[in-house]
Every structure is written in structure tokens, then in C-alpha cells.
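Work through the exercises below with the structure open. Each task is followed by a solution in steps.

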Protein chains: 2
Amino acid sequence: MELLKQKILREGRVENGDILKVDSFLNHQLDIELLNEIGKEFKKRFAEENINKILTIEASGIAIACITAQYFHVPVVFAKKTESRNLDKETYESNVYSYTKEKNYKIRVSKRYIDKRDNILILDDFLANGKALLGLKDIIEQANANLVGAGIVIEKGFQKGGDLLRNDGVRVDSLVIIDSLENGRIEFREQRN
Amino acid sequence: MELLKQKILREGRVENGDILKVDSFLNHQLDIELLNEIGKEFKKRFAEENINKILTIEASGIAIACITAQYFHVPVVFAKKTESRNLDKETYESNVYSYTKEKNYKIRVSKRYIDKRDNILILDDFLANGKALLGLKDIIEQANANLVGAGIVIEKGFQKGGDLLRNDGVRVDSLVIIDSLENGRIEFREQRN
């Protein structure tokens, strides 16, 4: 997705070797017009699928999921990362390790909001080691729902999450794949659209 | 906002006396069409204001802020609740007590994304004790930005946040105000639109 590549080249910052900061438009400040273009692109890529629900994970996934859901005309469900007395007792749970935060956490989805009739598209901002996505996949499987695929805004192709999921039979569709951040230089993989 | 009242009466559940669960459409599963109506209503109410940024707080505020931002054509910034090595070192911070989670937490906004030129609309799903809103207001003041007002989807009128903020000179515009949840019955305040 050329527009996204240009935005990343213009505003992305490479830090500590392997961190790509895109918080001016994707995960702290949110560029809503760009998110709309991202939403249209996901719709185009998954147009032939009969998706009835979008699943994501708090927090920055929510922005992408909500804007994109407008093009699919489906509800969004976001997995919760934090304990809350407001969450239902009956939940699907999975354990996720966060490399960014260097700790394990539980993700939860209420059993009310996902079930075996669902055809689910997962959306998220980043795919790196794939732990969050595997957690969401685990929850979808627990609910006996169908995972149609995963739409990712930025995949770090030099980390193992993408291969892990694709080898596991998941359709992963990333709008851009970054093959290297070495020496602070952002290198995109060539992709066919 | 009549549509929202009807949705709350149809799908809201009162638990533990003072908790109103609206997680089928507002803060776990998200009804995107309803969020669009909410967004239009906020635009109508703040149409005469020269807003150039929407500020909210993760997680469920993000959904409302993103959908609403489309009607204002402005970016969203969401305050982060969690530590992350991805967040800038230079941040505005404020301490917030959460009654839901029964603990204090810090909220943070990078200094890059809010400054004295900003006319900011705060948006959030709930207003109860007002602690999160006061934290966001504190951050806006630290940045010497201008707080135009706060748009709230559901205000719990029987808790003190709304009065606290209004007495402090903040324009608080709540789409519905609930005066009582006693005996599991949802009582709305009469509002002029």
C-alpha cells in the first residue's frame, strides 16, 4: 500500500535497532483519513469473504478495527488486556507474551460476543512475533468460530510472527512488510497487490 | 439522544447496584452504526467550536473518538494508561484513580502531540467520578492547550464527576445522563437538546 509506505518513510522513526515508531499516525496520535484508506484497502482484500465480525485487541487495534468495520458493516469485538470488575465472568482467555512490555498478560473475550456462527477477521496494527495474534486465534478456536484471516497494517518481516501464522494455515494479509530496520533504514518487501 | 436511550434500555444490564454494563455495543463489542450516530451528535453539539484535535483515553474511548473525528476532520490523540518502552520519554503525565479497577494509574501523552496551539475536545464513553477526565484536563493544562469541552456518551448523574467538572468551568456535554440505577431500573434525566 503505497500511501502507507510514504507515510512511514515520512513520519516513522527507528529506535533501539528494531523498534519502528509510528505514533504520529497509528498508535498514539491517529490519522483518521489514513485509517479510512487502510479500512478501504482491507475491505478490498477481504471483499469476497463473508465476514460478520472483526476481532482486535486493545488499545491501538481498536482504531483500525472501528474505522475498517464501517466498510464491512459489521460489529467489532476487542479483547481486553486488563482485569476489570466490569468484564463478564464467562470469558474465553488466552496467555500472551509481550516483548514490548516484557511480560505475560491474559487476553479475554466475553463468551457473549463470539460464537460458532462467527466468521471473523482479525485486525491489528503490528505483527512482529505474533503472540497477540496467536492469542486471538486461540480464543476464536475455543469459541468454535471461524477465523477468515488476519489483516495487519505493518508486519515486521524480519521477526517470526508472519511465518508462524502462515505455516499454521492462517491467511495473513499485511498492508506493508518491513524486511529490515538495520542502520535506521526502513526497507520494505516488494508485494503484489 | 433518544436512539442511545433506547439502546441502553434494550441492552444495558445493571449489576452490583451501580454498574451499568453496555458492553454489547459500547465498550467490548462495538456497534459501529450507533457510534456513527453518536459521532454526528457530538459534531452537532460542538459544531460552532474550532476544534482541531480530539483527546481520549485508552481503551474504549478510542472507538468513540475515532468515529467522531471523521465528522470533525481532525486527528485523535489517546492518552496511554500503561508503561511501554515504545512511548516517548518526553510526556505529560497525570495520576488517575480508577474506582472500577480500584487502583491508581498514570496516564501519559507524548509532548509531540499536544501543544499550546490546540483547541481540544475530550471524548469518553463514561463519566462517573470524573477522575479520568480531570487527568486529561490536567494534561491539557500542562501543555498550555485550550480545552473546549468534554463530550460524554453516558454520564452517571448520581456520581460526582459531572458536577465537579462543570463547577470547574468545563463544558460537559453528555448524550444521556442517568440519575439512578436503583433496584436495577435505569432512570434517565430529562435533557433539552
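**Exercise 1.** In which loop of chain A does A:Ala128 lie?

Solution. A:Ala128 sits in the loop between strand 8 (119-127) and helix 4 (131-142) of chain A. Helices (H or I, at least four residues) and strands (E, at least two) are DSSP runs, numbered from the N terminus. The model is predicted: local features need pLDDT of at least 70, side-chain atom pairs count only at pLDDT 80 or more, and totals for chains, interfaces and linings use all residues. Residues are numbered from 1 along each chain as its sequence is written, chains are lettered from A and ligands numbered from 1 in the order in which they are written, and side-chain values use heavy atoms, with hydrogens and water left out.

Next, list the contacts (heavy atoms within 4.5 Å). Apart from neighbours within four places in sequence, A:Ala128 is in contact with A:Lys156, A:Gln159, A:Lys160, A:Gly161 and A:Gly162.

Last, check the record. An unreviewed UniProt entry annotates A:Ala128, A:Asn129, A:Gly130, A:Lys131 and A:Ala132 as "binding site"; such annotations may be inferred rather than shown by experiment.

**Exercise 2.** Describe the interface between chain A and chain B.

Solution. Start with the residues: 46 of chain A are in contact with 44 of chain B.

Then take the area. Buried area is the accessible area (1.4 Å probe) that two parts lose on being put together, summed over both. For chain A and chain B this comes to about 3,800 Å², 53% of it on carbon and sulfur atoms.

On the side of chain A that touches chain B, helix 3 of chain A gives the most, with 7 residues. By class, this side has 18 nonpolar, 13 polar and 15 charged residues. Here Ala, Val, Leu, Ile, Met, Phe, Trp, Tyr, Cys and Pro count as nonpolar, Asp, Glu, Lys and Arg as charged, and the others, Gly among them, as polar.

Finally, count salt bridges, each a side-chain nitrogen of Lys or Arg within 4 Å of a carboxyl oxygen of Asp or Glu. One within chain A joins A:Arg108 to A:Glu93, with the closest N and O atoms 3.3 Å apart. This pair links distant parts of the chain, strand 7 and strand 6 (residues 91-98) of chain A, 15 residues apart.

**Exercise 3.** In what order do the 7 strands of the open sheet stand, and which strands are at the edges?

Solution. Strands pair if DSSP finds at least two bridges between them. The order is 3(A)-5(B)-4(B)-8(B)-9(B)-10(B)-11(B), with mixed pairing. Strand 3 of chain A and strand 11 (187-188) of chain B each have a single partner strand, so one side of each is left without a neighbour in the sheet.

Inside the sheet, strand 4 (residues 53-57) and strand 8 (residues 119-127) of chain B pair in the parallel sense over 3 bridges. There, B:Leu55 has B:Ile122 as its bridge partner.

Strand 5 of chain A pairs with strand 3 (residues 29-30) of chain B in the antiparallel sense over 2 bridges. A:Val77 stands opposite B:Gln29.

**Exercise 4.** Which residues does a cis peptide bond join in chain A?

Solution. The bond joins A:Glu58 and A:Ala59, with omega about 5 degrees. A:Ala59 is in the loop between strand 4 (53-57) and helix 3 of chain A. In chain B, a cis peptide bond joins B:Glu58 and B:Ala59, with omega about 5 degrees.
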